[in-house]
Every structure is written in C-alpha cells, then in structure tokens.
Amino acid sequence: MKYRRIAATLAALALPGFAHAHVGLHADGALSGLGHPFSGLDHILAMVAVGFWASTLGGKARWIVPSAFVAVMAVGAIMGIHGLPFPMVEAGIALTVAVLGLLVAFDVKIPIPVAATVVGICALFHGHAHGTELPAIAHAGGYVAGFLAATIALNAIGICLASLRFGKAGQAAMRIAGWVVALAGAALLAG
C-alpha cells in the first residue's frame, strides 16, 4: 500500500506537464523535462523495468538500484548537454530496453552493487539522449530536474507493479512482461 501511495503521488506530480499546452515553451524547462521521458516508449519501458527489477531483487535494492539509475542518468544528461560524444546512443537505448526486459523475464538475482552498475550503464544512454534533446529555450537545470522527477515516478510505477505479483500466476505474468519488454527492445534495435 505504501508503494502505491508513493507512485500515485509521483504520477499526480507528473500530470500538470501533460495538461499544459505549451510544455516546450517554458524558459525554466521543468515542464519540458517532466514530459520528456513519457515521449518515447523506449524510455518508459526501461524506467519501469528498472523499478520492477529492483523490487524483485528485494530489500535495499528497491531504492539503491533506481537511485543509481537516476544519479547516473544525471551524469549522462550533463554529458549530452555539454555535447560530449557518446557512441551509438540510440542503439544503446534499444539494447538497454532488451537487457532490462531479460533481467525481469529471467528473474535475475545479482548483488546490489552489480545491479546498480548494470542499470547505471543503461542510464548513461538514456541520460545522454535526454541531455542532447534539451530545448533551446529551456533552462538546463529545470529541464534535468523535470526529467529526473519523471524518471523517479516511472521507477516507482515499476516498484508498485512488482509488488502486485501473487503466486505462480504473478510469476508467469512477470516473465511474460519481461519478454514483451525484451522483444520491444529487440524491435527498437532492429530499426
């Protein structure tokens, strides 16, 4: 119940960004940033999968793994904003979606530091893409804060979804969802 309230609160905070007709025109960029992760299925799938997988790892991983994703995503965004090159970003994003889907599908259990490293690598690609897409008239700080808040909301949705699993049917649903995400990543990678 606690996780559902957190996810509902974060989702409610994200809604004003969708309702505003001129999201990209705000000088502060926060609303533009808030809406950006929702602009592509690749980002949504990856960020929800991070939260979902972290929840299945259990314990402190529920917070450490998504926090690592958000922190490293900020680093990737700074790289993108400052024009630092990062190879094959779009292919990397598609690959991260596939990898995160497979981690969920196979219910992979690894130590928290390794899991944080895996999602951190994924986050570099997503953060770099967000950073390079900074609207010309947006304030970088507001834009980054906005998409980081949206990322936290998507991670929280994944955590909440994972908490809904019940018995063998829930395990099967989790594996199927993981495969769907992995196949979506493969389709994105194929072009």
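1. Leaving out neighbours up to four places away in sequence, Ile110 is in contact with Trp53, Leu57, Ala115 and Val118, where contact means heavy atoms within 4.5 Å. Ile110 sits in the loop between H5 and H6, and with a relative accessibility of 27% it counts as partly exposed; the cut-offs are under 20% relative accessible area for buried, over 50% for exposed and in between for partly exposed, taken with a 1.4 Å probe and protein chains only. From Ile110 to Leu57 there are 53 residues in sequence, while their C-alpha atoms are 7.7 Å apart in space.

2. The model is predicted, so local features need pLDDT of at least 70 and side-chain atom pairs count only at pLDDT 80 or more, although totals for chains, interfaces and linings use all residues. Residues are numbered from 1 along each chain as its sequence is written, and side-chain values use heavy atoms, with hydrogens and water left out.

3. The chain as a whole has eight helices and zero strands, and its elements run α-α-α-α-α-α-α-α from the N terminus on. Helices here are DSSP runs of H or I with at least four residues, strands are runs of E with at least two, and both are numbered from the N terminus. Of the 191 residues in the chain, 48% count as buried.

4. In the model, residues 63-82 are 95% helix and 0% strand, with 29 Å between the end C-alpha atoms. Residues 141-161 are 100% helix and 0% strand, and their end C-alpha atoms lie 30 Å apart.

5. The largest nonpolar core holds 35 residues, and Val65, Phe69, Leu100 and Val119 have the most contacts inside it. The helices that give two or more residues to this core are H3 (41-57), H4 (61-81), H5 (89-105), H6 (112-132), H7 (140-163) and H8 (167-190), and H3 gives the most, with 10 residues. Such a core is a set of buried Ala, Val, Leu, Ile, Met, Phe, Trp, Tyr and Cys residues joined through side-chain atoms within 4.5 Å. Beyond four places in sequence, Leu100 touches Ala46, Ala49, Val50, Val119 and Cys122.

6. Which residues does Thr96 touch, not counting those up to four places away in sequence? They are Cys122, Phe125 and His126. Thr96 belongs to helix H5, and it counts as buried because its relative accessibility is 5%.

7. Asp42 lies in helix H3 and counts as buried, since its relative accessibility is 14%. When residues up to four places away in sequence are set aside, Asp42 touches Glu90, Ile93, Val97, His126 and Leu188.

8. Helices H4 and H6 pack with their axes 6 Å apart, at an angle of about 35 degrees. In this contact, 18 residues are nonpolar, nine are polar and none is charged; Asp, Glu, Lys and Arg count as charged, Ala, Val, Leu, Ile, Met, Phe, Trp, Tyr, Cys and Pro as nonpolar, and the others, Gly among them, as polar. The axes are lines fitted to C-alpha atoms over the stretch in contact, and the angle, on a scale from 0 to 180 degrees, is taken between N-to-C directions.

9. Also in H4 is Ala74, which is buried because its relative accessible area is 17%. Ala74 and Ala145 are 71 residues apart in sequence, and 8.9 Å separates them in space, C-alpha to C-alpha.

10. Two loop residues deserve a careful look at the backbone. Met88 is not a glycine and yet has a positive phi of about 50 degrees; it is placed in the loop between H4 and H5 and, at 64% relative accessibility, counts as exposed. Asp107, also not a glycine, has a positive phi of about 50 degrees; Asp107 is in the loop between H5 and H6, and its relative accessibility of 16% is why it counts as buried.
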